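Load the model in your viewer and keep the selection tool at hand. Each stop below says what to select next and what is there.

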Amino acid sequence: MLRDILSGKSSIDPSQLAGAAGLPNDPASVAALMNQLQGALRAGGDGGVNWDIALQQGQERAAAAQHSTTPAQRAELEQAFHIAALWLDDVISVAELTVEPRLMTRKEWVTATMPLWSQLAEPVATSISDSLTKVLTEQAPEELKGMLAGASQMMRSLGGTLFAMQLGQVVGQLSSEVVSGGDIGIPLFGDQQAALLPQNVAEFGEGLDVPTDQVQIYLAVRELAHARLFRHSRWLRLHMISSITDFAHGISIDTERLESLAEGFDPSNPEELRDAMVNGSLIPPKTDAQLAALGRLETMLALVEGWVDVVTVEATARLPRADAINETVKRRRASGGPAESAFATLVGLELRPRRLREAAAMWQAVTDAVGNEARDALWAHPDILPTAEDLDDPQALVARLTSTAKGEPPVLDDVDQALEDLLRDDNPDRPHEA
């Protein structure tokens with residue numbers, strides 16, 4: 001069946017299949033899809049995912065709607081970064097960047113970020129390939145299993161190629177939605193690279209009725225704050241990416257649902273296949289381990305974004321229209337874009353801090369109580385960083401920090417107090433030795 005489709009002998013319309021897979025179904029894109037799949041069929045390989053295809057697809061998608069930036073626009077954004085750095089120095093105690101911020105085209109953003117996207121998506125791609133191979137081999141008659149050994153490898157190559165093309169399309173679309181390196185929330189670049197996309201910054205400001213220079217400075221402050229935080233807390237990037245990969249490694253594909261879909265597949269109605277891919281019915285409910293990893297990730301995303309919000313508001317207090325820009329940023333984050341939703345479907349993970357409001361309120365309470373320096377010192381090590389419980393009860397955290405700032409003994413919870421009593425042998429219920 002696959003050979004017939006790729007050779008043009010099948011009654012199945014390749015453009016319908018492309019649309020069902022979430023890929024463009026115009027003639028040029030369909031021809032490129034067929035060429036990529038035919039190449040995968042001929043090459044065979046080890047069944048791994050060819051991420052170069054994802055990069056190529058992403059770059060082409062990004063470049064299609066990209067336009068160049070004028071020297072005047074670049075000079076304005078470079079000046080915005082300079083002002084943002086000065087204003088941030090007044091409100092945070094984390095170190096400055098040693099790498100100059102970058103102004104990126106959409107294509108450059110795709111090229112710089114695709115290695116991390118591929119890393120995050122690989123566990124899902126592997127699970128899909130394994131599931132396809134399992135269904136193919138387990139359902140085959142005994143006399144055909146030897147013959148299907150090569151077909152299994154072919155299926156892995158084809159499945160991996162299709163997945164890589166989908167990822168490339170998603171990342172390419174994302175490049176038109178983000179305004180900066182930290183816009184997604186996770187550190188897409190190295191731990192001290194800040195970047196803005198001039199074309200997207202200009203589109204962000206359209207219709208806001210806010211002077212362009214204020215929009216540029218505000219977004220530059222946010223981006224520098226994000227990048228400086230990850231440079232200051234060297235452990236933070238690895239911690240966050242590990243939480244994502246821990247979650248992704250637990251993703252599996254429901255082979256029974258896959259078999260049912262294959263048995264009832266109607267070539268004239270490929271939308272059924274697309275619906276199954278989009279609604280997440282092929283992915284079983286999250287395991288306890290996944291839920292734990294997801295909880296850690298959501299808390300960390302909220303802590304990062306909440307801190308960035310608080311320091312940005314403080315640093316941009318002298319901008320007359322900062323409130324309007326801040327409100328627009330919040331609306332964008334709450335709604336997300338189509339590419340962000342597509343990535344959530346593709347990888348099974350939403351990269352959106354659900355508890356951002358609580359985190360921002362907590363960081364503001366800490367700032368008001370103990371000041372900027374003590375607030376930023378909490379990022380020194382994961383063991384002293386606020387927890388999900390601190391988001392629930394920020395006043396308890398504030399009480400602990402205030403006591404520490406005054407040089408008072410730390411406020412102990414019930415467990416710590418019991419341990420302290422035991423170690424000091426002060427527990428009245430415990431008999432004393434003679």
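**Start in helix H13**

Select Thr-312: with 0% relative accessibility it counts as buried. Buried means under 20% relative accessible area, exposed means over 50%, and partly exposed lies in between (1.4 Å probe, protein chains only). Thr-312 sits in helix H13. Helices (H or I, at least four residues) and strands (E, at least two) are DSSP runs, numbered from the N terminus. Now show what surrounds the side chain. Setting aside neighbours within four places in sequence, Thr-312 is in contact with Tyr-218, Val-221 and Arg-222. Contact means heavy atoms within 4.5 Å.

A word on the model before moving on. Residues are numbered from 1 along each chain as its sequence is written, and side-chain values use heavy atoms, with hydrogens and water left out. This is a predicted model: local features need pLDDT of at least 70, side-chain atom pairs count only at pLDDT 80 or more, and totals for chains, interfaces and linings use all residues.

A salt bridge is a side-chain nitrogen of Lys or Arg within 4 Å of a carboxyl oxygen of Asp or Glu. Asp-309 belongs to helix H13 (residues 288-315) and Arg-222 to helix H9 (residues 212-232), so the pair ties together parts 87 residues apart in sequence. Are Asp-309 and Arg-222 buried or exposed? Asp-309 is buried, and Arg-222 is too.

Next, select Glu-305 and Arg-333. Their side chains meet in a salt bridge at 3.2 Å, N to O. Glu-305 lies in helix H13 and Arg-333 in helix H14 (residues 322-335), so this pair ties together parts 28 residues apart in sequence. Glu-305 counts as buried at 4% relative accessibility. Arg-333 counts as buried at 14%.

Now show the four residues at once. Arg-222, Glu-305, Asp-309 and Arg-333 are linked in a network of salt bridges. The structure holds 13 salt bridges.

**Another pair: H17 and H18**

Move to Asp-390 and Arg-400. Their side chains meet in a salt bridge at 3.0 Å, N to O. Asp-390 is in helix H17 (residues 388-392) and Arg-400 in helix H18 (residues 394-405), so the pair ties together parts 10 residues apart in sequence. Asp-390 is buried, with a relative accessible area of 7%. Arg-400 is partly exposed, with a relative accessible area of 33%.

**Leu-88 and its contacts**

Select Leu-88, in helix H5 (residues 71-89). Leu-88 counts as buried at 0% relative accessibility. Which residues does Leu-88 touch, not counting those up to four places away in sequence? They are Val-221, Leu-224, Ala-225, Arg-228 and Ala-315. Draw a distance to Val-311 as well. The C-alpha atoms of Leu-88 and Val-311 are separated by 7.6 Å, and the residues are 223 apart along the chain.

**Two loop residues**

Go to Glu-177, in the loop between helix H7 (148-174) and strand S2 (195-196). At 18% relative accessibility, Glu-177 counts as buried.

Then pick Asp-209, in the loop between helix H8 (198-205) and H9. Check the backbone: Asp-209 has a positive phi of about 60° although it is not a glycine. At 66% relative accessibility, Asp-209 counts as exposed.

**The largest cavity**

Select Pro-187, Gly-190, Gln-193, His-226 and Ala-227. Of the 12 residues lining the largest cavity, these lie nearest its centre. On a 1 Å grid over the protein atoms alone, a cavity is a set of points where a 1.4 Å probe fits but cannot get out, and lining residues have an atom within 4 Å of a point. About 70 Å³ of space lies in this cavity. Grid points are joined across faces, edges and corners, and a volume is the space filled by probe spheres set on the points. The lining has 5 nonpolar, 5 polar and 2 charged residues. Ala, Val, Leu, Ile, Met, Phe, Trp, Tyr, Cys and Pro count as nonpolar, Asp, Glu, Lys and Arg as charged, and the others, Gly among them, as polar. A search of the whole structure finds 4 cavities of 30 Å³ or more.

**Zoom out**

Show the whole protein as a cartoon. It has 19 helices and 2 strands. Of its 434 residues, 47% count as buried.

How values were computed
1 Å grid on protein atoms, 1.4 Å probe; cavity = no way out; pocket = protein on both sides within 12 Å on 5 of 7 lines; lining within 4 Å.
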